[in-house]
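This note is intended for a colleague who is meeting the structure for the first time. Please read the points below alongside the sequence and the model.

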Protein chains: 2
Amino acid sequence: MFQTMSVGIRHDDLRRRNRAMVISAVRRAGQPSRTEIAATTGLSHSTISAISADLIQEGILTESKASEPTALKRGRPQIGLALNPEAAAVLTVVLSLNFLSVAVIDYAGQVVAEEQLRLDTLVMPRDELIGECVAIVRRRLRDPDLDIGSVARIAMGIQGITDTHARAMLWSPITPLTDIPFADILETEFGIPATMENDCNMMAVALQWRDPERYRDDFIAILLSHGIGMGLVLKGTLFTGTHSSGGEFGHMIHRPGGALCRCGRRGCVEAYAGNYAIWRSAMKMSEDAEPVDIGDADMRALAAKAREKDGPEREAYRRAGEALGFSLGSLFALIDPAPVAMVGVSAAAFDLIEPALREAIAQTAGGQHSTSISFDTEPNELPLIREGCAMRALTFVDQEIFAPGVQARTGKHVA
Amino acid sequence: MFQTMSVGIRHDDLRRRNRAMVISAVRRAGQPSRTEIAATTGLSHSTISAISADLIQEGILTESKASEPTALKRGRPQIGLALNPEAAAVLTVVLSLNFLSVAVIDYAGQVVAEEQLRLDTLVMPRDELIGECVAIVRRRLRDPDLDIGSVARIAMGIQGITDTHARAMLWSPITPLTDIPFADILETEFGIPATMENDCNMMAVALQWRDPERYRDDFIAILLSHGIGMGLVLKGTLFTGTHSSGGEFGHMIHRPGGALCRCGRRGCVEAYAGNYAIWRSAMKMSEDAEPVDIGDADMRALAAKAREKDGPEREAYRRAGEALGFSLGSLFALIDPAPVAMVGVSAAAFDLIEPALREAIAQTAGGQHSTSISFDTEPNELPLIREGCAMRALTFVDQEIFAPGVQARTGKHVA
DNA sequence: AGGCTTTTTTTCGAGCCTCGAAAAAACACT
DNA sequence: AGTGTTTTTTCGAGGCTCGAAAAAAAGCCT
């Protein structure tokens, strides 16, 4: 709205943008008719007709005759437009603690192949870790059922800090290694454009597609796991930092000079609400005790014990809730309250966390309308991360490859 | 980049946007030639020529023949384009503690008239406060030198919380009154579109214009005064909350359950770094002591005493620095480090604040690159607020009134 | 069954807009 | 005065979107 700086709009941009709009409308709505697209985009019927004719002719969209057999309406029946699954494919790679998973997704968003692998990420040397990632992708690309030429994008997701341009993993809790330029590695290896995405950002992207009613313009996805991560969507757009990948909510300061965090600093939220912090507190260990990774099963057992009777376990969850509540309050002071999705293994223990969290947030400026702050939980983060990567890659193809079209006026295929 | 939702681009939007681009280029650059505009916007010379011809003919721009007499270059000399000062005017109203000031600004950004008034905002009843604001504006509008019809916009700035739509003051430290819809009041009174802007946001806007080198894409303006306020620019755009006007940095939680804040809560940054908090601490009063407004002269005296010798005064500033440092660290964890401008009376005491601030920020995740975090100080906030209001009103006129042009094809004036 | 109504989609000409190339303008230098 | 250089304007071509009208594809009714 304010300083639009940037570059003027040239004439060809117009078509590109409106093509992007049509593609995006189809991806969002499923099988909208031309009339529906005209309504949502505000463009005229003629324009939509012309653009969709082009897109169909280019093999990006298809007419889905097999619409609902209802047809209880008079008049010419609407013809649904759908994404042509064969127009392209994308590949997602999700690397998490001791686990690597790859999926091939068609242009319509359906998984067409996948492969998963257990490995020991914490101790693998650099070459081996990279090698495994490259190898699993290569196996999928060699699949005879797959037209390798149609794979237009690889989106890799990882827990940790990535750079702004989605090129490299800078730091991750799943490995002692740092600064691995996965995007460049995959790109040079396979000649397919690739990105390296932050896990929590991808969770947020996935939520936006899964439940656009609840997660539309402003919301927060928080990962409660070994570490505490956040994906933040503001005004409908994923918010990423100016240098790193996203908001490091887990390293906001809860208590200056407080408990020891895995990052080596003191008093971070994560040092109170991360799995290791809850464990440390429940075991009555010192706040200075070195953080250690706790298995999901152990965490579930801990939660069960906390539910059973009052004691140090319950108190540990209470303190986690307090840390999350005050920090969320500080965050809400900055961006105003928004719906929150709690994801990850400790989200399954949210019943133990919520009371203290709400009590804390009510003591903050951001908690003014604390009734309007609502939480949703999703214990399993991996499917979300994969979905997010898939949607991110697909929308890239939509916007950057198909919207510009044949372009460069190398001549249209047909008159 | 992600979900472009929204509406398609129609053909007439194209001209509107490119006109906006040209106007904005002229406002930013001063007296650019057509060639320079073509270069910065990326549009062709023909287009710039056509658009600027229209804008000149409509009286929005003028050719400034009286360019520099240098002309040491060969070739046809460039003709500078300038904003026509008479194209429109805007009015700024800044309401601060016991002080009301109004200015009339021409389209080129020059102050053409102003008026200031002392009043007792803390005790004035609602009708009187509103009445004074309306009256001072009326006096300026009655100025015979002013063509009232040319006043296109009123921008009012106030310390405190305003709503997202820039319509109303919700809460302010300068008056016990709440929820005054100043924008609507001025609009209905004078029939001129008006906005109610947050002071810190306007400071940020002003900084962006004053020093675009330093304050371009990402920066923070922090008001160190009675309260602690913040204006935040991210990716070149003013960041405002989803419900209220902006980030309430002053009410991030520094110490859960800590010192009493003016907002009634505990542990806010402001309860350690606001004028009253520094005073309270320097006077060795309890952290529960009721906040009171301290005059600027008293604060300057306090700072002088703190500089003179070590003691509770110096310690008070140290604690303020600590609170600001940890909170800035938390903020930087979310948005990554960015240049900071410290504004207001306590910015003049920043030498007392900075050491502890830097020490604290170095202990946070956001302070990783603490060397790249730089501070600038500006003790006087009022001129900044006024400048910001002026620029905000003027860019509104640029974008929303002049860019669309005569529009609605009511026929162009001349063939 | 055939004509009528309704709704969707396509076709077609008009009107803008931007662009590139060429022309015109305005100056410095010789 | 003529030449060279740089800026600005002019002009025709090509694209794009739009509105109106036509065409298409059903259901409804007699």
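Predicted model: local features only at pLDDT ≥ 70, side-chain atom pairs only at ≥ 80, totals over all residues.

The points below take up the interface between the chains, a pair of helices and the salt bridges.

1. Extent of the interface. Chain B places 62 residues in contact with 62 residues of chain A. Between them, the two chains bury about 5700 Å², and 58% of this area lies on carbon and sulfur atoms.

2. Pairings across the interface. Between chain B and chain A, 11 residue pairs are found in polar contact, both residues being at pLDDT 80 or more. The number of salt bridges found across this interface is 0.

3. Elements on the side of chain B that touches chain A. At least two residues each come from helices H1 (11–29), H2 (34–41), H6 (199–210), H10 (312–335) and H12 (381–402) of chain B, and likewise from strand S12 (228–234) of that chain. H1(B) gives the most, with 7 residues. By residue class, this side of chain B comprises 24 nonpolar, 27 polar and 11 charged residues.

4. Packing of H1(B) within its own chain. H1(B) also packs with helix H3 (residues 45–57) of chain B, at an angle of about 80° and with the axes 10 Å apart. Angles of 65 to 115 degrees count as roughly perpendicular; H1(B) and H3(B) are therefore roughly perpendicular to each other. On the H1(B) side, Arg15(B), Asn18(B), Arg19(B), Val22(B) and Ile23(B) take part, and they meet Ile48(B), Ala50(B), Ile51(B), Asp54(B) and Leu55(B) of H3(B). The residues of this contact divide into 6 nonpolar, 1 polar and 3 charged.

5. Salt bridges. Over all chains the count comes to 50 salt bridges. One of them joins the side chains of Arg167(A) and Asp184(A), at 2.8 Å from N to O. This pair links distant parts of the chain, 17 residues apart: Arg167(A) lies in the loop between strand S7 (161–162) and strand S8 (169–171) of chain A, whereas Asp184(A) belongs to helix H5 (residues 182–190) of chain A.

Note on methods:
Residues numbered from 1 in each chain as written. Chains lettered and ligands numbered in written order. Heavy atoms only, no water. Contact = heavy atoms within 4.5 Å. Buried area = accessible area lost by both parts, 1.4 Å probe. Salt bridge = Lys/Arg side-chain N within 4 Å of Asp/Glu carboxyl O. Polar contact = N/O pair within 3.5 Å; in protein donor to acceptor, adjacent residues only side chain to side chain. Helix = DSSP H or I, 4+ residues; strand = E, 2+ residues; numbered from the N terminus. Nonpolar A, V, L, I, M, F, W, Y, C, P; charged D, E, K, R; others polar. Axes fitted to C-alpha atoms, helices over the stretch in contact; angles between N-to-C directions. Parallel < 35°, antiparallel > 145°, perpendicular 65-115°, else oblique.
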